[in-house]
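Please look over the points below with the sequence and the model open beside you.

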Amino acid sequence: MPERIAVLGAGLIGLYIGGALHAAGADVSLVGRARMRPYTESTLVLTDLDGGRTEVPAGTLEYSLDPTALSDAGLVLVTVKSADTAAAAEIVAANAPQRPVVLSLQNGVGNLDVLQTLLPGYDVVAGMVPFNVANPEPGRLHRASEGGLMAARTSVLDPWLPVFAAAGLPVTLRADFVPVQWGKLLLNLNNAVNALSGVPLRAELSRRAYRQSLALLVAEALRVLRAAGIQPARVTKVPPHVLPTLLRVPDAVFTRLAGAMLRIDPEARSSMREDLAAGRRTEVDHLNGAVVRLAQRAGVRAPVNQAVVDLIHAAEHGPPPSFTGDELYARLSAAAR
(Lines give C-alpha, C1' and ligand atoms only; values in the text may rest on other atoms or scores of the structure.)
Protein backbone atom coordinates (compact mmCIF):
# COMPACT_ATOMS: atom_id res chain seq x y z
CA MET A 1 0.00 0.00 0.00
CA PRO A 2 1.44 3.43 -0.93
CA GLU A 3 1.92 6.26 1.52
CA ARG A 4 -0.92 8.19 3.11
CA ILE A 5 -3.20 10.32 0.94
CA ALA A 6 -4.28 13.68 2.36
CA VAL A 7 -7.18 15.68 0.96
CA LEU A 8 -6.71 19.42 1.47
CA GLY A 9 -9.94 21.39 1.23
CA ALA A 10 -12.37 18.57 1.88
CA GLY A 11 -15.68 19.95 0.62
CA LEU A 12 -18.21 17.72 -1.15
CA ILE A 13 -15.78 16.66 -3.89
CA GLY A 14 -12.91 16.10 -1.48
CA LEU A 15 -15.11 14.20 0.97
CA TYR A 16 -16.48 11.97 -1.78
CA ILE A 17 -13.06 11.14 -3.20
CA GLY A 18 -11.48 10.74 0.23
CA GLY A 19 -14.33 8.57 1.46
CA ALA A 20 -14.19 6.33 -1.61
CA LEU A 21 -10.41 5.93 -1.29
CA HIS A 22 -10.74 5.14 2.43
CA ALA A 23 -13.44 2.54 1.74
CA ALA A 24 -11.10 0.90 -0.80
CA GLY A 25 -8.45 0.47 1.88
CA ALA A 26 -6.29 3.55 1.36
CA ASP A 27 -4.75 5.39 4.29
CA VAL A 28 -6.55 8.75 4.03
CA SER A 29 -6.76 11.93 6.06
CA LEU A 30 -8.96 14.92 5.32
CA VAL A 31 -8.15 18.53 6.14
CA GLY A 32 -10.93 21.08 5.86
CA ARG A 33 -13.31 23.48 7.53
CA ALA A 34 -15.31 22.81 10.68
CA ARG A 35 -18.64 22.85 8.82
CA MET A 36 -17.69 19.67 6.94
CA ARG A 37 -16.45 17.58 9.88
CA PRO A 38 -19.94 16.31 10.91
CA TYR A 39 -20.04 14.28 7.68
CA THR A 40 -17.38 11.97 9.13
CA GLU A 41 -18.79 11.83 12.66
CA SER A 42 -21.72 9.68 11.54
CA THR A 43 -21.92 7.03 8.86
CA LEU A 44 -21.04 8.60 5.51
CA VAL A 45 -22.96 7.10 2.59
CA LEU A 46 -21.54 7.44 -0.93
CA THR A 47 -23.87 6.73 -3.86
CA ASP A 48 -23.64 7.14 -7.61
CA LEU A 49 -25.69 7.24 -10.80
CA ASP A 50 -25.20 3.53 -11.44
CA GLY A 51 -26.80 2.51 -8.15
CA GLY A 52 -23.53 2.02 -6.29
CA ARG A 53 -23.59 2.48 -2.53
CA THR A 54 -20.66 2.56 -0.11
CA GLU A 55 -20.87 3.16 3.62
CA VAL A 56 -17.99 4.67 5.59
CA PRO A 57 -18.59 3.93 9.30
CA ALA A 58 -18.69 6.84 11.72
CA GLY A 59 -15.34 7.91 13.07
CA THR A 60 -13.22 5.77 10.73
CA LEU A 61 -12.33 8.53 8.26
CA GLU A 62 -9.83 10.95 9.78
CA TYR A 63 -10.97 14.58 9.47
CA SER A 64 -8.90 17.41 10.90
CA LEU A 65 -9.00 21.18 11.04
CA ASP A 66 -5.26 21.12 11.76
CA PRO A 67 -3.05 21.23 8.64
CA THR A 68 -0.28 19.36 10.47
CA ALA A 69 -2.27 16.28 9.41
CA LEU A 70 -0.41 16.70 6.11
CA SER A 71 2.92 15.97 7.76
CA ASP A 72 3.09 12.27 6.86
CA ALA A 73 1.27 12.34 3.50
CA GLY A 74 2.88 10.97 0.37
CA LEU A 75 0.17 12.42 -1.87
CA VAL A 76 -1.85 15.59 -1.27
CA LEU A 77 -5.05 16.11 -3.24
CA VAL A 78 -5.82 19.83 -3.46
CA THR A 79 -9.59 20.33 -3.76
CA VAL A 80 -9.94 23.91 -2.56
CA LYS A 81 -11.69 26.56 -4.64
CA SER A 82 -9.41 28.34 -7.08
CA ALA A 83 -9.32 31.57 -5.07
CA ASP A 84 -7.79 29.61 -2.18
CA THR A 85 -5.03 27.92 -4.21
CA ALA A 86 -2.22 30.20 -2.99
CA ALA A 87 -3.28 29.70 0.61
CA ALA A 88 -3.38 25.94 0.06
CA ALA A 89 0.15 25.99 -1.33
CA GLU A 90 1.36 27.89 1.74
CA ILE A 91 -0.31 25.31 3.99
CA VAL A 92 1.44 22.47 2.15
CA ALA A 93 4.81 24.22 2.28
CA ALA A 94 4.48 24.85 6.03
CA ASN A 95 3.12 21.45 7.02
CA ALA A 96 4.46 18.90 4.53
CA PRO A 97 8.25 19.39 4.53
CA GLN A 98 8.74 15.85 3.19
CA ARG A 99 7.54 17.21 -0.17
CA PRO A 100 4.69 14.90 -1.10
CA VAL A 101 3.31 14.66 -4.61
CA VAL A 102 0.65 17.37 -4.98
CA LEU A 103 -2.29 16.67 -7.30
CA SER A 104 -4.59 19.60 -8.11
CA LEU A 105 -8.18 18.41 -8.55
CA GLN A 106 -9.64 21.88 -9.12
CA ASN A 107 -11.66 23.77 -11.68
CA GLY A 108 -10.00 26.39 -13.85
CA VAL A 109 -6.74 26.63 -15.76
CA GLY A 110 -4.34 28.62 -13.59
CA ASN A 111 -4.07 26.59 -10.40
CA LEU A 112 -1.10 24.49 -11.50
CA ASP A 113 1.01 27.59 -12.13
CA VAL A 114 0.19 28.97 -8.68
CA LEU A 115 1.02 25.70 -6.94
CA GLN A 116 4.26 25.19 -8.88
CA THR A 117 5.40 28.74 -8.17
CA LEU A 118 4.76 28.48 -4.44
CA LEU A 119 5.95 24.88 -4.05
CA PRO A 120 9.38 24.74 -5.71
CA GLY A 121 10.92 21.30 -5.44
CA TYR A 122 7.57 19.52 -5.14
CA ASP A 123 6.11 17.26 -7.83
CA VAL A 124 2.93 19.20 -8.66
CA VAL A 125 0.51 17.55 -11.08
CA ALA A 126 -2.59 18.95 -12.80
CA GLY A 127 -5.78 16.90 -12.48
CA MET A 128 -9.48 17.15 -13.20
CA VAL A 129 -12.73 15.99 -11.59
CA PRO A 130 -15.47 15.99 -14.25
CA PHE A 131 -18.38 14.86 -12.10
CA ASN A 132 -20.69 16.77 -9.78
CA VAL A 133 -21.25 15.69 -6.16
CA ALA A 134 -24.59 16.48 -4.54
CA ASN A 135 -25.73 16.25 -0.93
CA PRO A 136 -29.35 15.12 -1.33
CA GLU A 137 -29.83 14.30 2.34
CA PRO A 138 -27.83 14.45 5.58
CA GLY A 139 -24.98 11.99 5.64
CA ARG A 140 -25.12 11.07 1.94
CA LEU A 141 -22.93 12.29 -0.91
CA HIS A 142 -24.13 11.43 -4.37
CA ARG A 143 -22.02 11.35 -7.52
CA ALA A 144 -24.62 13.10 -9.63
CA SER A 145 -23.07 13.11 -13.11
CA GLU A 146 -20.75 11.04 -15.27
CA GLY A 147 -17.03 11.18 -16.05
CA GLY A 148 -13.73 9.85 -14.77
CA LEU A 149 -10.74 11.52 -13.14
CA MET A 150 -7.92 12.76 -15.38
CA ALA A 151 -4.39 13.85 -14.61
CA ALA A 152 -1.31 14.93 -16.49
CA ARG A 153 0.80 11.98 -17.58
CA THR A 154 3.60 11.40 -15.07
CA SER A 155 5.16 8.44 -13.32
CA VAL A 156 4.99 10.07 -9.89
CA LEU A 157 1.32 9.05 -9.59
CA ASP A 158 1.98 5.40 -10.42
CA PRO A 159 1.98 4.11 -6.79
CA TRP A 160 -1.53 5.45 -6.21
CA LEU A 161 -3.25 4.60 -9.52
CA PRO A 162 -4.33 1.10 -8.38
CA VAL A 163 -5.85 2.60 -5.22
CA PHE A 164 -7.93 5.07 -7.24
CA ALA A 165 -9.05 2.27 -9.55
CA ALA A 166 -10.07 0.10 -6.60
CA ALA A 167 -12.12 3.01 -5.26
CA GLY A 168 -14.08 3.24 -8.51
CA LEU A 169 -12.18 6.40 -9.43
CA PRO A 170 -9.77 5.30 -12.18
CA VAL A 171 -7.44 8.05 -13.36
CA THR A 172 -6.88 8.57 -17.08
CA LEU A 173 -3.44 10.07 -17.74
CA ARG A 174 -3.25 12.62 -20.54
CA ALA A 175 -0.18 14.17 -22.15
CA ASP A 176 -2.14 17.17 -23.46
CA PHE A 177 -3.30 18.51 -20.13
CA VAL A 178 -3.55 22.23 -20.83
CA PRO A 179 -6.00 21.49 -23.70
CA VAL A 180 -7.81 19.12 -21.32
CA GLN A 181 -8.20 21.90 -18.76
CA TRP A 182 -9.65 24.22 -21.38
CA GLY A 183 -11.94 21.45 -22.62
CA LYS A 184 -13.23 21.01 -19.06
CA LEU A 185 -13.54 24.77 -18.59
CA LEU A 186 -15.87 24.96 -21.61
CA LEU A 187 -18.22 22.60 -19.76
CA ASN A 188 -17.76 24.52 -16.50
CA LEU A 189 -19.15 27.64 -18.17
CA ASN A 190 -22.52 26.08 -17.39
CA ASN A 191 -21.85 26.50 -13.66
CA ALA A 192 -22.77 30.17 -13.91
CA VAL A 193 -25.79 29.54 -16.14
CA ASN A 194 -27.10 27.09 -13.57
CA ALA A 195 -26.32 29.47 -10.72
CA LEU A 196 -28.32 32.23 -12.42
CA SER A 197 -31.21 29.94 -13.36
CA GLY A 198 -32.18 28.80 -9.89
CA VAL A 199 -33.25 25.37 -11.18
CA PRO A 200 -31.48 21.99 -10.92
CA LEU A 201 -28.92 21.10 -13.57
CA ARG A 202 -31.02 18.52 -15.39
CA ALA A 203 -34.01 20.84 -15.61
CA GLU A 204 -31.79 23.68 -16.82
CA LEU A 205 -30.13 21.62 -19.54
CA SER A 206 -33.52 20.30 -20.62
CA ARG A 207 -34.69 23.81 -21.55
CA ARG A 208 -33.51 25.25 -24.84
CA ALA A 209 -33.28 28.90 -23.76
CA TYR A 210 -30.81 28.05 -21.00
CA ARG A 211 -28.83 25.90 -23.42
CA GLN A 212 -28.80 28.77 -25.93
CA SER A 213 -27.33 30.96 -23.20
CA LEU A 214 -24.63 28.38 -22.60
CA ALA A 215 -24.06 28.09 -26.36
CA LEU A 216 -23.30 31.83 -26.50
CA LEU A 217 -20.70 31.43 -23.76
CA VAL A 218 -19.08 28.35 -25.29
CA ALA A 219 -19.02 29.75 -28.82
CA GLU A 220 -17.39 32.93 -27.57
CA ALA A 221 -14.84 30.93 -25.56
CA LEU A 222 -14.00 28.84 -28.64
CA ARG A 223 -13.37 32.03 -30.64
CA VAL A 224 -11.09 33.29 -27.89
CA LEU A 225 -9.20 29.99 -27.77
CA ARG A 226 -8.68 30.08 -31.54
CA ALA A 227 -7.32 33.62 -31.28
CA ALA A 228 -4.94 32.45 -28.55
CA GLY A 229 -3.81 29.41 -30.56
CA ILE A 230 -5.25 26.88 -28.09
CA GLN A 231 -7.11 23.76 -29.26
CA PRO A 232 -9.27 22.47 -26.38
CA ALA A 233 -9.25 18.72 -25.88
CA ARG A 234 -12.28 16.50 -26.13
CA VAL A 235 -13.21 15.49 -22.58
CA THR A 236 -16.72 14.15 -23.29
CA LYS A 237 -18.35 12.28 -26.15
CA VAL A 238 -19.11 15.65 -27.79
CA PRO A 239 -16.19 17.42 -29.56
CA PRO A 240 -15.78 21.01 -28.31
CA HIS A 241 -16.48 22.63 -31.70
CA VAL A 242 -19.81 20.75 -31.99
CA LEU A 243 -21.07 21.79 -28.56
CA PRO A 244 -22.63 25.19 -29.45
CA THR A 245 -24.62 23.66 -32.33
CA LEU A 246 -25.79 20.76 -30.19
CA LEU A 247 -26.90 23.06 -27.38
CA ARG A 248 -29.08 25.11 -29.74
CA VAL A 249 -31.21 22.26 -31.12
CA PRO A 250 -34.83 21.82 -29.96
CA ASP A 251 -35.42 20.03 -26.68
CA ALA A 252 -36.67 16.76 -28.20
CA VAL A 253 -33.66 16.57 -30.51
CA PHE A 254 -31.25 17.41 -27.70
CA THR A 255 -32.72 14.68 -25.50
CA ARG A 256 -32.27 12.16 -28.30
CA LEU A 257 -28.73 13.22 -29.32
CA ALA A 258 -27.27 14.16 -25.95
CA GLY A 259 -29.00 11.95 -23.43
CA ALA A 260 -25.73 11.42 -21.56
CA MET A 261 -25.56 15.14 -20.73
CA LEU A 262 -28.93 14.81 -19.02
CA ARG A 263 -27.86 11.79 -16.98
CA ILE A 264 -27.70 13.89 -13.83
CA ASP A 265 -29.39 13.52 -10.47
CA PRO A 266 -32.70 15.46 -10.67
CA GLU A 267 -31.83 17.67 -7.68
CA ALA A 268 -28.16 18.31 -8.46
CA ARG A 269 -27.10 21.93 -8.88
CA SER A 270 -23.79 23.52 -9.77
CA SER A 271 -21.36 24.27 -6.95
CA MET A 272 -21.64 27.93 -7.97
CA ARG A 273 -25.36 27.92 -7.21
CA GLU A 274 -24.66 26.28 -3.86
CA ASP A 275 -22.06 28.96 -3.12
CA LEU A 276 -24.53 31.74 -3.91
CA ALA A 277 -27.17 30.13 -1.71
CA ALA A 278 -24.67 29.87 1.16
CA GLY A 279 -23.33 33.41 0.72
CA ARG A 280 -19.87 32.15 -0.27
CA ARG A 281 -17.50 33.58 -2.86
CA THR A 282 -17.87 31.81 -6.23
CA GLU A 283 -15.29 30.63 -8.77
CA VAL A 284 -16.69 32.73 -11.62
CA ASP A 285 -13.44 34.73 -11.94
CA HIS A 286 -11.58 31.46 -12.53
CA LEU A 287 -14.06 30.11 -15.08
CA ASN A 288 -15.83 32.74 -17.19
CA GLY A 289 -13.26 35.24 -15.95
CA ALA A 290 -10.46 33.05 -17.34
CA VAL A 291 -12.03 33.39 -20.79
CA VAL A 292 -12.15 37.18 -20.38
CA ARG A 293 -8.49 37.36 -19.35
CA LEU A 294 -7.39 35.11 -22.20
CA ALA A 295 -9.33 37.32 -24.61
CA GLN A 296 -7.50 40.38 -23.32
CA ARG A 297 -4.14 38.68 -23.83
CA ALA A 298 -5.15 37.59 -27.34
CA GLY A 299 -6.38 41.07 -28.28
CA VAL A 300 -10.03 40.10 -28.70
CA ARG A 301 -13.23 40.61 -26.70
CA ALA A 302 -15.38 38.30 -24.60
CA PRO A 303 -18.45 40.42 -23.76
CA VAL A 304 -20.81 37.50 -23.09
CA ASN A 305 -18.55 35.88 -20.53
CA GLN A 306 -17.89 39.31 -19.01
CA ALA A 307 -21.65 39.83 -18.69
CA VAL A 308 -21.95 36.56 -16.78
CA VAL A 309 -19.06 37.51 -14.49
CA ASP A 310 -20.87 40.78 -13.74
CA LEU A 311 -24.20 39.01 -13.08
CA ILE A 312 -22.61 36.52 -10.70
CA HIS A 313 -20.71 39.21 -8.81
CA ALA A 314 -23.96 41.13 -8.40
CA ALA A 315 -25.63 37.95 -7.11
CA GLU A 316 -22.83 37.43 -4.56
CA HIS A 317 -24.08 40.54 -2.78
CA GLY A 318 -27.79 39.73 -2.79
CA PRO A 319 -30.31 36.89 -2.87
CA PRO A 320 -29.59 34.15 -5.45
CA PRO A 321 -31.28 35.10 -8.76
CA SER A 322 -33.78 33.02 -10.72
CA PHE A 323 -33.58 34.13 -14.35
CA THR A 324 -35.91 32.36 -16.74
CA GLY A 325 -34.20 30.92 -19.79
CA ASP A 326 -35.63 33.64 -22.00
CA GLU A 327 -34.55 36.41 -19.62
CA LEU A 328 -31.00 35.14 -19.39
CA TYR A 329 -30.70 34.53 -23.12
CA ALA A 330 -31.95 38.06 -23.81
CA ARG A 331 -29.37 39.54 -21.42
CA LEU A 332 -26.50 37.60 -22.94
CA SER A 333 -27.64 38.16 -26.52
CA ALA A 334 -27.66 41.89 -25.86
CA ALA A 335 -24.10 41.68 -24.49
CA ALA A 336 -22.98 39.86 -27.62
CA ARG A 337 -24.11 42.66 -29.98
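1. The expected span of a helix is 1.5 Å times one less than its number of residues. Helix α6 has 12 residues and reaches 16 Å from its first C-alpha to its last, close to the 16 Å expected. Keep in mind that this is a predicted model.

2. Is α6 mostly covered or mostly open? It is mostly covered, with 9 of its 12 residues buried. Buried here means under 20% relative accessible area. The buried residues of α6 are F177, V180, Q181, W182, G183, K184, L185, L186 and N188.

3. The structure holds 3 cavities of 30 Å³ or more. The largest cavity has a volume of about 60 Å³. Its lining is made up of G183, L186, L187, A233, R234, V235, T236, V238, P240 and L243. With 3 residues, α6 gives the most to this lining. By class, the lining of the largest cavity has 7 nonpolar, 2 polar and 1 charged residues.

4. The second largest cavity has a volume of about 50 Å³. Q106, N107, G108, G127, M128, Q181, K184, L185 and N188 line it. Here too α6 gives the most, with 4 residues, and β8 (124-128) is another element that supplies at least two. The class count for this lining is 2 nonpolar, 6 polar and 1 charged residues. At least three of the lining residues come from each of domain 1 (4-175) and domain 2 (178-336).

5. The second largest pocket has a volume of about 310 Å³. Of the 19 residues that line this pocket, the closest to its centre are G108, V109, G110, N111 and D113. Four helices, α3 (85-95), α4 (111-118), α6 (177-188) and α13 (288-298), each supply at least two residues of the lining. By class, the pocket lining has 9 nonpolar, 7 polar and 3 charged residues.

6. UniProt, in an unreviewed entry, places the feature "domain: Ketopantoate reductase N-terminal" at residues 5-148. In the model, the end C-alpha atoms of residues 5-148 lie 19 Å apart, and the span is 24% helix and 31% strand.

Definitions and conventions:
Residues are numbered from 1 along each chain as its sequence is written. This is a predicted model: local features need pLDDT of at least 70, side-chain atom pairs count only at pLDDT 80 or more; totals for chains, interfaces and linings use all residues. Side-chain values use heavy atoms; hydrogens and water are left out. On a 1 Å grid over the protein atoms alone, a cavity is a set of points where a 1.4 Å probe fits but cannot get out, and a pocket is an open set with protein on both sides within 12 Å along at least five of seven lines; lining residues have an atom within 4 Å of a point. Grid points are joined across faces, edges and corners, and a volume is the space filled by probe spheres set on the points. Ala, Val, Leu, Ile, Met, Phe, Trp, Tyr, Cys and Pro count as nonpolar, Asp, Glu, Lys and Arg as charged, and the others, Gly among them, as polar. UniProt positions are given in the numbering used here, feature names are shortened, and annotations may be inferred rather than shown by experiment. Buried means under 20% relative accessible area, exposed over 50%, partly exposed in between (1.4 Å probe, protein chains only). Domain bounds come from an automatic or database domain assignment.
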